[in-house]
Structure formats: structure tokens, C-alpha cells
Amino acid sequence: MASIPDDIFFATITEINQKLKAKEFSVQELTKAFSDRLERLGPTYNALALSLRKPAHREARDVDGDIKRERFRGALQGIPFGAKDLLSYAKYPTTWGARPYSGQVFDYTATSLTKLAKMGAILTGKLAMVELAGGPAYRYANASLTGPGLNPWDRTRWSGGSSSGSGIAVAAGLVTFALGSETSGSILTPSAFCGVTGLRPTYGLVSRHGAMGLSWTLDKIGPMCRSAEDCGLVLHEIAGADGQDPATAGKSFYYAPQFSRDLKFIRVGFAPVDFDEAAEPAARPDFAKALEIIRSLGVQVTEVKLPEFPYGPIISTIISSEAASIFEPLIKSGKVDELADPKQIAGLKAGLEIPATDYLKAMRIRSLIQSAFSDLLDDVDVLLAPSRFGPAPKITQPLDRPGSDRPMPAAPGLAALIPAGNLAGLPALSLPCGFADGMPIAIQLVGRPFTENTLLAIGRDFQARTDWHRRRPPMD
Amino acid sequence: MATIKLTRREVATALSASVVLRAQAPAPQLSQNPALSPDDELKAARDSNRQNSEQLAKFPLPMSTEPVVHFKA
């Protein structure tokens, strides 16, 4: 039996795929090694919701048979991955990270997982998450059935959420890639805090059939990986129309970096205040270097301003209203009180009282936001900003209060890019770009709808010139 | 939302999930900055929604601006 070298736990999809094809080890050996590691280390970071060792082993045996007969199904064949525990996997528990749903089992599998299984990817585990993907709001990192997501770079710090287990598992080499979900920041934040590459696809590009709904008009499923290249390979397989998700746009995604536009024709907009003032002081040197590397790619860099809208109140009103409608049975049954986070309990209850006129007003302003971003993205192709202005906070720090007394700059810059980009349904890519206080930091690229290939092309070139995405956390 | 009845094997699987839960790292001691009572939490959430409503009310909208959700016949 071939032993699996440690480097494989941190290898990219393409690297592992080549070794499987060269028969350096079998898919069963690889799956066993990853399952062992996930079960051993996952709980120490509160990253594991459920090990799927047995079904994974069965799948691995089938894929080995395919490879033996030289039936190659693509880059993901035989690659171990994990899924946020908000995606259903038939006949196994899907808890949504929340105690009231701890015994929940569905009889169908989420479309994104079915698509990956068809390509021979091996689901080795369900990964922890913030309860109900964060609901309207939460105050503490431990707002989860599995406890606070502990950051592999420093266990006294938070992993970010709500796709906490997905960020941890990729960073700690427990899976090669993971699926997460984003309503407003839930892929970008854990990707940035854990030092992995995360892609939030355009709204409607990836089916959400089988995923917990938090906000029908905002929810997206996306990959969290070791590199931009890996994000492209995973998105290639999970994107596409699905009759079981009425919000799918009916578009496919073909990862084709070789056909992306020459970067010298790409216009990148940014706000200097984000890098010079809004960023935490410890993060500024590496953010500045990242900006220089982006410039060195040959893109045209220009300054931009975000259209002025009350993004926070709008997205909060929409999420609170839709979440309260989705979880009305939970709220009215009283089981909502079993959730871990008091702020989330109260937010769900209060969401039932939001007037329909407020929800509709938020959705009407949202249509103006969409138009304003369409205009802005006529002038530039991509928006660039820090994913988060600083590194992960301590797990004991309340998340609804600022970590420091530092005054925010007078000019807003692109500080609201996460809610704004989500309201406009835009794709975003988070790229590790350095460290602050020994913790990873990242930049985000945001583009027009369905321009994931442009973001990935920039991400690929950025990662060809940097090695931040290759760094590994200190492991026991 | 279709949930199903569990077979004994599936119950065993579900229980193995709780084994995973027991193995998780213990929750840290949180700095409970004066912990709010459930009533105060609810009041704070309502206040937040009211502030959001006030912010939205300040934003003028022409009658022709429709919400982004569209009914398909």
C-alpha cells in the first residue's frame, strides 16, 4: 500500500490528478489518508460536522476502477473534498450548524454535490458552519452547533464564517477543496481569514437545490480552494442550469484561462483610502505590496468610488425579512431558542415584524444598485479592495463591535464592497496576499456578472508571482 | 422541505455525528460584555430594524422603480 506524502495534503487539484493518473497512489489510498486526517484534526479546529468515510471509500473504489480502465472524467476525478453542512447529502444528517436541526436527514442530495460525484470527486465529510449560515446577524464566533471555528494559523483566533469548516479544512490540508456558501461575506471572510482562495460566483450561476435557504435572492454556492486555478476547475463542474432551482440563470461556466482577455486591456478600479487608511496598520505593508503586484500584471489601474447607497440597511432588511419567512416555523415553534447565539435568536424573531413596505423598498433600491454597478463596471472591468481590512479577530471578541478604537476614514472607499457586490449579484474572488500579526490577509476582485474567467485570469497571474496561497499553517 | 424516517443504520450514522460533536474543541470563555436578557436582545433587534427602516425612508424613489424580484407567468 502506497503511503501518502504530507505534501499531498496541500497539493492542488491538478497536482493530485496527475499523480493519480500516473498511479503513484490509488484513489482509495488517497481517500483513506484524507479521511484519517479529517477525522483526527477536524475536531481540533471545530471544523468537522460529519465524516463520510464509508460512502467516500465506496466512491473511491469505483473511481479506481475507472482509472484502471483509463476512463478519465476530468481534473476532479478522485479528488477528496468537503461540503459545508448546509448542503444535503441523502440519508446522512444535515444540521445547518444548528441544534434544532441536529437530527435532520434529507432523502435527496444537493445538485452541486451530485455534479461533483458525477465527475468522480470524493466527498469525505460535511464541514462545520455558523448556525443557519449566520441568519440575520450573530455576535459570537461560537454561534454554531460545533463551537467556534478555530483558525489553523492560531487557534485563539476565529476562522471567519459562516463557511467556517470549509475555510479551516482547506487551510489545514484536511480536504483538497471545499464548497461554501455566501449570502453576504460567508465565502470571502473565511477564505481571507484562513488564507485560502475563495470564489463567490455570480448569483444564479450555481444551483442551490439541496442547500439551506437563508435569503432566496442572495444565496450562492461556491468553491474554496488552494488556488484560483482550482476554483476555476471546481466552478466548471458545479455551474449550470438546474430546473430544481428557479434562480439559476441557465448559464454554464467553462474554465478557459487560455482564452481570457490580455490583462493589459483589463481596467482595475480601487480606492487608495482602503489600502492606506481603512486597512489595519499591521496589514498595510502587505496590502501595498499586493497592489503593486496587481499593477505589475500590466492591467490598467484607476481610482473609483462606490455608488452611494445605504448598503448595510438594505442588505440587513432583505436578509432579515427572507430569513424570517424561511424560518417562520422554527421561530413560531419556539425551537429558535435552542440556537446558540442570542443575537441571532432575537434577529429572527424581530424579522417577522419587518413591514412588507420596508422589504419592498429595499428591493426597489436594490434595482438602482444593480444599475449603478452596471454603469460603474462600464468604466472598469474589475474592482479591487482588501477582502477584510485586517486579520481574523480573537474568538472571544464580539463580532458586532469594532476590534479597535481606530477611527474610520472620512472617505468610504470600497468598504461596503461585500454587501454591495452581493446585492448586485456580482462574482468575487478572494486571494491570499500576505500576513498581519502572523495571520493571513487577502484582497478581493469583483467583476461584472458572469465574468468569473476574468477574475480567475488575474488571480492565476497574481498567484504565479506570489506564494501566499502556498503557505501552510503550523500544524501539531 | 422533505425529511425522512431513519432506519436503524441511519440512526447509527446520525449518532456517529454526535460523537464528532463530543470530540470538538471546548468552547472558549466569552467576554460577556454585560450580557443582554432575551427581552433586551429582542428590543435591540427591533431597534436595529427601525433604524434600517429610517435609513431606507430617507432614500427617495421614483414610482417607476420596481423591486428586483420579478413574477414570471
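A residue is buried if 20 or more other C-beta atoms lie within 10 Å of its own, exposed if 12 or fewer and partly exposed in between, with C-beta atoms placed from the backbone. The model is predicted, and local features need pLDDT of at least 70, side-chain atom pairs count only at pLDDT 80 or more, and totals for chains, interfaces and linings use all residues. Residues are numbered from 1 along each chain as its sequence is written, while chains are lettered from A and ligands numbered from 1 in the order in which they are written.

Q: Why is A:S321 called buried?
A: A:S321 has 24 C-beta neighbours inside 10 Å, and the definition asks for 20 or more. A:S321 therefore counts as buried.

Q: Where is A:S321, and what does A:S321 touch?
A: A:S321 is in helix α10 of chain A; helices (H or I, at least four residues) and strands (E, at least two) are DSSP runs, numbered from the N terminus. Leaving out residues up to four places away in sequence, A:S321 touches A:G351, A:I354 and A:Y359, where contact means that the C-beta atoms, placed from the backbone, lie within 7 Å. The C-alpha atom of A:S321 is also separated by 8.7 Å from that of A:P355, 34 residues apart along the chain.

Q: Which residues make the contact of α10(A) with α13(A), and how do they divide by class?
A: On α10(A) they are A:I314, A:T317, A:I318 and A:S321, and on α13(A) they are A:D358, A:Y359, A:A362, A:M363, A:I365 and A:R366. They divide into 6 nonpolar, 2 polar and 2 charged. Ala, Val, Leu, Ile, Met, Phe, Trp, Tyr, Cys and Pro count as nonpolar, Asp, Glu, Lys and Arg as charged, and the others, Gly among them, as polar.

Q: Why are α10(A) and α12(A) described by the word they are given?
A: The axes of α10(A) and α12 (residues 342-351) of chain A come within 8 Å and cross at roughly 85 degrees. The two helices are therefore roughly perpendicular to each other. In this contact A:S320, A:S321, A:A323 and A:A324 of α10(A) meet A:G347, A:L348 and A:G351 of α12(A). By class there are 3 nonpolar, 4 polar and no charged residues.

Q: How do you know that chain A is as compact as a globular protein of its length?
A: Chain A has 15 helices and 13 strands. Its radius of gyration is 21 Å, close to the 23 Å that the globule rule gives for 476 residues, so chain A is as compact as a globular protein of that length. The radius is taken over C-alpha atoms, and the rule is 2.2 Å times the number of residues to the power 0.38. Of the residues of chain A, 64% count as buried.

Q: What does chain B contain, and what does it give to the contact with chain A?
A: Chain B has 2 helices and 0 strands, and 12% of its 73 residues count as buried. The contact takes 37 residues from chain B and 51 from chain A. On the side of chain B, α2(B) gives the most, with 11 residues. That side has 23 nonpolar, 10 polar and 4 charged residues.

Q: Why is A:N46 called buried?
A: A:N46 has 29 other C-beta atoms within 10 Å, so A:N46 is buried.

Methods: Contact = placed C-beta atoms within 7 Å. Axes fitted to C-alpha atoms, helices over the stretch in contact; angles between N-to-C directions. Parallel < 35°, antiparallel > 145°, perpendicular 65-115°, else oblique.
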